[in-house]
Amino acid sequence: MNQLTKVVVRFAGTLRWVSEKDQTEMDISEPATVRRLIESLILKMDRMKSIIDIGTSLDSRPDMIILVNETEIGLLEGLQTPLSEGDLVTLIPTAHGG
């Protein structure tokens, strides 16, 4: 049986519109990482695919600021940042209308 880690995901900007909510809880299979969380979001929320292109964005850098417990993942381990039970992940898109 796969071990799951439950995290809270907070959406900002257009991601709030795409997800149709301010935040949600997600169960991530182990080993839980930011990359695995983003992949899970894309699979579970069809509209998320229009914002995040997993084939290109995640291989280089997603077009968003990602915080884990209020710390930007660039200061941690990037997309390989491990996630623990109860972590708060905030997704803030950098692209926006003017």
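Two strands are taken to pair if DSSP finds at least two bridges between them. Helices (H or I, at least four residues) and strands (E, at least two) are DSSP runs, numbered from the N terminus. The model is predicted, so that local features need pLDDT of at least 70 and side-chain atom pairs count only at pLDDT 80 or more, whereas totals for chains, interfaces and linings use all residues. Residues are numbered from 1 along each chain as its sequence is written, and side-chain values use heavy atoms, with hydrogens and water left out.

An open sheet of mixed pairing is formed by five strands in the order β2-β1-β5-β3-β4. Its edges are β2 (23–29) and β4 (71–72), each of which pairs on one side only. Helix α2 (residues 34–44) packs on this sheet and touches β1 (4–11), β2, β3 and β5, contact meaning heavy atoms within 4.5 Å. The direction of α2 makes about 115° with that of β2, where axes are lines fitted to C-alpha atoms, for helices over the stretch in contact, and angles run from 0 to 180 degrees between N-to-C directions.

Strand β3 (residues 64–68) pairs with β5 (residues 88–93) in the antiparallel sense over five bridges. Within this pairing, I65 stands opposite I92, and V68 stands opposite V89. With β4, strand β3 pairs in the antiparallel sense over two bridges; here V68 stands opposite T71. Two residues lie between the strands in the hairpin of β3 and β4, in which N69 takes a positive phi near 50°. Because four of the five residues of β3 are buried, this strand is largely enclosed by the rest of the structure; buried denotes under 20% relative accessible area (1.4 Å probe, protein chains only).

Notes. Buried < 20%, exposed > 50% of the residue type's maximum accessible area, 1.4 Å probe, protein only.
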